[in-house]
Amino acid sequence: DPTEGGFTRDLVERMQAVPGVASAATISSAPLSGIGAIPVDVAVAGREGAEPLRPSVRVVSGPIQDVLQLSLLRGRWLDAGDHAQAEQVAVVNRAFAERVFPGGEAIGQTITLPPFGQAGDRRAFRIVGVMADARLSRVASPARPEVWLPDAQYWVSSVAVMLRGHVAPTDLATPAQQAIWAAHPDQGIYATQAIATVRDRQ
């Protein structure tokens, strides 16, 4: 059920069972990957007619904040309670909050996005958390405004599986791939790499 996050929830559960994995999550655009975030316009409810924003929009599942070791400034993280039938919610970073709501509070505000890759009405998401800035696009570039959505509430066509382990990344790659193919034998895997390696190349 791609519209309800069932596939990615299954991936996260399988990855967490791989020996050596401390935490697992999925994200639509892996940090420092160069792939880029979802290209959609984000608008603020009540500001009709204003120029839409183009923050980095990422769709996540699982404890991505633990995998990436990110800090929450206020509010809450996205979690398993943010399912398809629940209120549609979002977490933004400080760069987004300060740019869009200077001098004000982002939590409780509503933003709208169009469906990804298809026609349809814009959908509203209430901001429930503000996280600290992190350089997720390029190490040498300032943090960009970010909007994170639960994968059960916003469908995208591909995701990156993110793992934090008790062992070296090279020791996790093959068992993780085997765990994915055991359940989804036809699933394509584009690449496997350690974030530290990508960071060092930049």
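Predicted model: local features only at pLDDT ≥ 70, side-chain atom pairs only at ≥ 80, totals over all residues.
Me: Helices (H or I, at least four residues) and strands (E, at least two) are DSSP runs, numbered from the N terminus. With that in mind, in which strand does Arg123 lie?

Reply: Arg123 lies in strand β7. Residues are numbered from 1 along each chain as its sequence is written, and side-chain values use heavy atoms, with hydrogens and water left out.

Me: How many helices and strands does the protein have?

Reply: The secondary structure comes to five helices and nine strands, and when you read along the sequence they follow the pattern α-β-β-β-α-β-β-α-β-β-β-β-α-α.

Me: What makes Gln153 buried?

Reply: Gln153 has a relative accessibility of 2%, and therefore counts as buried. Its place is in the loop between β8 (146-150) and β9. Contact means heavy atoms within 4.5 Å, and, not counting residues up to four places away in sequence, Gln153 touches Asp82, His83, Ala84, Ala86, Glu87, Gln88, Val89, Arg123 and Phe125.

Me: Which residues are in contact with Arg123, leaving aside its neighbours within four places in sequence?

Reply: Arg123 is in contact with Gln88, Ile111, Thr112, Leu113, Gln153 and Tyr154. Thr110 is 13 residues from Arg123 in sequence, and their C-alpha atoms are 9.9 Å apart in space. Across the protein, among contacts with a separation of 6 or more, 75% join residues 24 or more positions apart.

Me: How do you know that strand β4 (residues 72-75) and strand β7 (residues 123-131) are joined, and in which sense do they run?

Reply: Two strands pair if DSSP finds at least two bridges between them. Three bridges join β4 to β7, and the two strands run antiparallel, with Gly75 standing opposite Gly129 in β7.

Me: How many bridges does β7 form with strand β5 (residues 89-93), and how many join β7 to strand β6 (residues 110-113)?

Reply: Strand β5 pairs with β7 in the parallel sense over five bridges, and Asn93 stands opposite Met131 in β7. Strand β6 is joined to β7 by four bridges and runs antiparallel to it, with Ile111 opposite Phe125 in β7.

Me: Which residues of α4 are buried, and what puts them on the same side of the helix?

Reply: Leu172, Ala173, Ala176, Ala179 and Ile180 are the buried residues in α4. They cover an arc of only 145° around the axis (the arc of the directions from the helix axis to the C-beta atoms), and so they are on the same side of α4. An α-helix has 3.6 residues a turn, so residues three or four places apart point the same way. The buried residues of α4 pack against α1 (6-16), β1 (21-27) and β9 (160-165), whereas the face turned away from the buried side carries the exposed residues Thr170, Gln178 and Ala182.

Me: What is the phi of Gln69, and why is Gln69 called exposed?

Reply: Gln69 has a positive phi of about 55° although it is not a glycine. Most residues other than glycine have a negative phi. Gln69 is in the loop between α2 (64-68) and β4, and because its relative accessible area is 57%, Gln69 is exposed.

Me: Why is Pro142 called exposed?

Reply: Pro142 has a relative accessible area of 63%, and so Pro142 is exposed. Pro142 is in the loop between β7 and β8; Ala95 is 47 residues away from Pro142 in sequence, and the two are 9.5 Å apart in space, C-alpha to C-alpha.

Definitions and conventions. Buried < 20%, exposed > 50% of the residue type's maximum accessible area, 1.4 Å probe, protein only.
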